[in-house]
Amino acid sequence: MISFDGRALHAGSAAGRAFDLDSRCIDGPDYVSGAYANVCALSDEDAAIPFDQTEVQQVRRDALGWWIPMLGDTLVCVTMLALDESRCGGAITVTREPVDFGSDPFARLFPATLVRTDIFSCVAPPAGPVIERYAGVAWPGGSFR
Amino acid sequence: MDLQAGARFPDLDLPDHTGRARRLSELAAGDPVALLFSRGWFCPKEQRHLREMCALQDEFEVAYARMVVVSVDPPGEQSALRAGLGARFTFLSDAERRWLPQLGLLEESDTLHQPYRPTAFSLLPDLEIHRRYDGFWYWGRPTAEDLRQDMRAISRRVREDFERT
C-alpha cells in the first residue's frame with residue numbers, strides 16, 4: 001500500500017489517500033533512489049473509476065503497445081492503483097530519468113503529478129494481460145502460478 | 001533438441017523488441033503461451049500471419065494467455081514491425097543467432113537472411129509443448145481457431161477451476 005497527498009508519495013497509508021498497488025513495486029530488492037514517478041491519481045477521495053470501464057482496458061493496451069516499449073531501460077516499474085475490488089484510483093509509471101510524461105496514457109484516467117521518490121524498486125515490464133487476475137489485485141500484479 | 005509435444009521448451013533468454021533482456025518463463029508468468037518463430041519482417045507470409053495474430057491478441061489479453069514472436073530481426077526492426085502491425089505482444093530478437101542452431105529451426109532455403117523456419121508451439125505455463133506447427137508451408141501455421149482450441153485445452157489442464165461441475 002502507498003499513500004499520496006497530492007504532492008508526495010509515501011510507503012504505507014501514513015499520509016494522504018491510500019491505494020493498493022502491485023506489491024512487487026515496493027517490495028525490493030532493487031530500489032531506485034531519486035526515481036521519477038508520474039502519479040496519475042488524485043488525493044480527492046471521490047476520484048475513482050470502475051475497473052470494468054473500457055477506458056481502463058484501453059490505457060493498459062496502450063501501455064503494453066507503446067508506452068512501456070517507449071520507456072525502454074529507463075522504466076523502473078508500472079502499476080495501477082486499486083481502491084477496492086471494483087474501483088481504480090489511477091496508475092503510476094516510474095522511471096530512472098525524466099521522460100515524455102506528457103504522453104502517459106494513464107493520464108487519460110486522472111491528471112498526472114510528477115514526484116521524485118525513493119520507494120520503488122525494479123519490476124520486469126508486463127507482457128500482459130490487460131485485466132486484473134483477481135479482483136482488487138492491482139495490475140499487473142498477481143499470478144495464477 | 002526434442003521439440004515435440006510433451007517435451008519442455010528451453011527457457012529462451014533473449015532481448016525483446018526494446019533491447020531489454022527477457023526470459024521466456026518470465027514472459028509466460030504462469031500463463032499458456034503461443035510461441036511463434038518467424039522468418040522476419042521482410043516476408044509477406046509472415047506479415048499476413050502476424051496480422052491474424054494481432055486480430056487474436058485482444059482475446060489473449062483478456063483470457064490470461066501470452067503470445068511471443070521470435071525472429072532474427074534486431075530489436076529496432078522488430079519494434080518498427082510491431083508498431084506497424086499494431087501488435088502489443090512481445091517480440092524476442094535472436095539477431096546473434098544464439099538459439100537458432102540449438103533449436104534446429106534454421107530456414108535452410110533462405111541463405112541470404114538465415115532466418116528461423118516458421119514454426120509455432122503452444123506451450124503450457126511451465127513451457128511444456130502442447131502442440132507444434134510446422135509452417136514452412138503457409139497452411140501449416142496455426143490459425144486463430146487452432147490457437148483458441150489449444151489455449152482452451154491447456155487452460156482446462158492447468159486451471160483447476162476451469163470446469164465448474
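Analyst: Buried area is the accessible area (1.4 Å probe) that two parts lose on being put together, summed over both. Chain B and chain A bury about 1,700 Å² between them. Carbon and sulfur atoms carry 52% of that area. This is a predicted model, in which local features need pLDDT of at least 70 and side-chain atom pairs count only at pLDDT 80 or more, while totals for chains, interfaces and linings use all residues. Residues are numbered from 1 along each chain as its sequence is written, chains are lettered from A and ligands numbered from 1 in the order in which they are written, and side-chain values use heavy atoms, with hydrogens and water left out.

User: Why quote an area for the interface?

Analyst: The size of an interface is often given as the accessible area lost when the parts come together.

User: How many residues does each chain give to the contact?

Analyst: Contact means heavy atoms within 4.5 Å. Chain B gives 20 residues and chain A gives 19 residues.

User: What makes A:R133 and B:D31 a salt bridge?

Analyst: The rule asks for a side-chain nitrogen of Lys or Arg within 4 Å of a carboxyl oxygen of Asp or Glu. Here the N to O distance is 2.5 Å. The pair therefore qualifies under that rule. Between chain B and chain A the count is 2 salt bridges. There are also 9 residue pairs in polar contact across this interface, both residues at pLDDT 80 or more. A polar contact is a pair of N or O atoms within 3.5 Å; within protein, one must be able to donate a hydrogen and the other to accept it, and residues adjacent in sequence count only if both atoms are side-chain atoms.

User: Which elements of chain B give two or more residues to the side that touches chain A?

Analyst: They are α1 (24-28) and α2 (44-62) of chain B. Helices (H or I, at least four residues) and strands (E, at least two) are DSSP runs, numbered from the N terminus. The residues on that side of chain B divide into 5 nonpolar, 5 polar and 10 charged. Ala, Val, Leu, Ile, Met, Phe, Trp, Tyr, Cys and Pro count as nonpolar, Asp, Glu, Lys and Arg as charged, and the others, Gly among them, as polar.

User: How do you know whether chain A agrees with a compact globule?

Analyst: Compare its radius of gyration with the rule. The radius is taken over C-alpha atoms, and the rule is 2.2 Å times the number of residues to the power 0.38. For 145 residues the rule gives a value near 15 Å; chain A has 13 Å, which agrees. Chain A has 1 helix and 8 strands, in the order β-β-β-β-β-α-β-β-β.

User: What does the salt bridge of A:R60 and A:E132 tie together?

Analyst: Their side chains meet at 2.5 Å, N to O. A:R60 lies in helix α1 (residues 54-71) of chain A and A:E132 in the segment after β8 (112-117), so the pair ties together parts that are 72 residues apart in sequence. Both A:R60 and A:E132 are buried.

User: What makes B:R159 and B:D31 a link between distant parts of the chain?

Analyst: The closest N and O atoms of this salt bridge are 2.9 Å apart. B:R159 is in the segment after α5 (144-158) of chain B, and B:D31 is in the loop between α1 and β3 (33-37), 128 residues apart. B:R159 has 14% relative accessibility, so it counts as buried. B:D31, at 0%, counts as buried too.

Definitions and conventions. Buried means under 20% relative accessible area, exposed over 50%, partly exposed in between (1.4 Å probe, protein chains only).
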